[in-house]
Structure formats: C-alpha cells, structure tokens
Amino acid sequence: MKHAVVSLSGGMDSSTLLLRCLKEYDSVTALSFDYGQKHRVELERAQSLVDYINGQFIVDKESKTIEYPYNVKYQVIKLDGLVDLLDSALVTGGDEVPEGHYAEDNMKATVVPNRNKIFASITQAVALSIANKTEEQCDIALGIHAGDHAIYPDCRQEFRDADDAAFRIGNWEADRVGYFTPYLEGDKFTILQDGEVLCDELGIEFNEVYKRTNTSYKPIYMNGLWFSDYKSASSVERIEVFIKLDRPDPVGYANEDGPVAWNTAKAHVKKVLAEHE
C-alpha cells in the first residue's frame, strides 16, 4: 500500500495535488489548517471538493452494485487561537491585502510568519503516525512550485531540506516518511495543465473541481454566496493561467458593486499583465 498525506489549503494548487495523489496512491489523507485567515472560505471549498470526490461512483450493471472508487480522509486542524498573535495581512485583523502582481515587493505583506513550518510539523506527525501504524511508507504531498519562491521563503527547497533534517533528527522511524512534490520545478500553469489531464483520467468534471477551490486573498461575500476578487495578487495569478489555458475559470468573480462576468475579470488581469511587462 502507498499512503499520502496532502496539505490541502483549498486553493487551486493543493486541490490539483489532491487529484494527482488519487492517481498515484492507494490511500489519501488530506489536512487543512484554520489559522484565522481572511480567506477562510478556502476551508469550505476544500470540504466541498472532498465531498464531491468521495461521492463519485461507478455502477456495475451486471452485478447491480455501486462502487465508490475514492475515499479521501479529511481533517481541518484548528489553529485559529493564533489569529491575534500573527502579524500578516492574510489574517483577520491584519492590514489590507495588497493588489497587483505577485512580482511586486509589497506582496511580502501576505507572508504569514513561520506558517509552512507550523503546517509541516503537524503534517509530518500525521504521516509518521500512518507509517508506523501500517508499517508502510507514507509520503507528505506538497503543492509548492517555483512561482512561490520569490515571495515565500518557506516554499524554497533549502527550507524544505532543513525542515526535513530536523524532522528526521527528532523522530524514530522517520525514514518511513517521504515527500511527493510533483510541481516543485513547475509553475501554476503547469499545475492547471496537470489538473486538466487528471480530471479526464479520473473521470471527474474539471469545472466541478475548480469551482470548489479558492485562490482569492480578498473573497467577497454577498447574497449568501462567496465570490473571488480579481485584483489581489493571488487572483491575478490564477486568472492569468486560466487565460493561458484558454478556458474560463468556473469560480465566480465580483467587486464591491456585485458579481462580474469572466470577461471582466479577464480584461482586468490582461491590463495588469501588460503594465507589468
């Protein structure tokens, strides 16, 4: 048996990674973290995606039985007691999330101090527990990619190596735990391309998957629904890769005046990209 523990934020990258793990592993456990983030809707989206995946079924007409091919175990880890202690624009009570392109220096305001180290320690503990219980290998799956390296130092390989060394020094049987980082040398477009292929291979609907993700750091709640903004850096980056893939993003977008069409969000991002060239 091959086991994986996925760090599932509810965003586009980790959701695609979840699909990749369903393809590559026999058992998949997904963990999300509630640390008081403003874009907490990502946790609702993650739960919705897991429910959608686990609800897929195949009907055997001969035996008249129904098979559920996927069984993702999912857990939200509550860390929201940290919210008043963290200095970041991403947490409730923090400064305004900046707008623009990820390459701009002001995006460092979206760094959450030591976030990936906190997440990594918990994920390592769960993976090692699965490995020890089953006496089989368990991999930690991370959706980190090269596009995150400039702004987020805890997404860089040197951090991963140092963190892994500390994990192995501090735990017995740590050699049972490995890492699965299929997008480390790629970017967000690489990830979305893989998602398109995986949806086809797994027999699930692309739009159903990606409408159940959130990449916006400034989501907008109106009329009982959550929408993504299209001006914060995370949204700009997401819309950019959907434009490159040449298909509309199934997530709904809005501004303070109300929902907007995909073409409006796309036009804004094209303008931002042109100004950044």
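## Strand S6 and its partners

In strand S7 (residues 177-180), valine 177 is the bridge partner of cysteine 138, and S6 and S7 pair in the parallel sense over four bridges, where pairing requires that DSSP finds at least two bridges between two strands. This is a predicted model, in which local features need pLDDT of at least 70, side-chain atom pairs count only at pLDDT 80 or more, and totals for chains, interfaces and linings use all residues. Residues are numbered from 1 along each chain as its sequence is written, and side-chain values use heavy atoms, with hydrogens and water left out.

S6 also pairs with S1 in the parallel sense, again over four bridges, and in this pairing alanine 4 stands opposite aspartate 139 of S6. Within S6 (residues 138-141), Cys138 and Ile140 point one way while Asp139 and Ala141 point the other way, and all are buried, that is, under 20% relative accessible area with a 1.4 Å probe and protein chains only.

## The largest pocket

The largest pocket has a volume of about 300 Å³, and its lining consists of 16 residues, among which Asp26, Ser27, Val28, Asn71 and Lys73 lie nearest its centre. Strand S1 (3-7), strand S2 (27-34) and helix H3 (115-134) are the elements that give two or more residues to this lining, and the largest share, four residues, comes from H3.

By residue type, the lining of the largest pocket divides into seven nonpolar, six polar and three charged residues, where Asp, Glu, Lys and Arg count as charged, Ala, Val, Leu, Ile, Met, Phe, Trp, Tyr, Cys and Pro as nonpolar, and the others, Gly among them, as polar.

Methods
On a 1 Å grid over the protein atoms alone, a cavity is a set of points where a 1.4 Å probe fits but cannot get out, and a pocket is an open set with protein on both sides within 12 Å along at least five of seven lines; lining residues have an atom within 4 Å of a point. Grid points are joined across faces, edges and corners, and a volume is the space filled by probe spheres set on the points. Buried means under 20% relative accessible area, exposed over 50%, partly exposed in between (1.4 Å probe, protein chains only).
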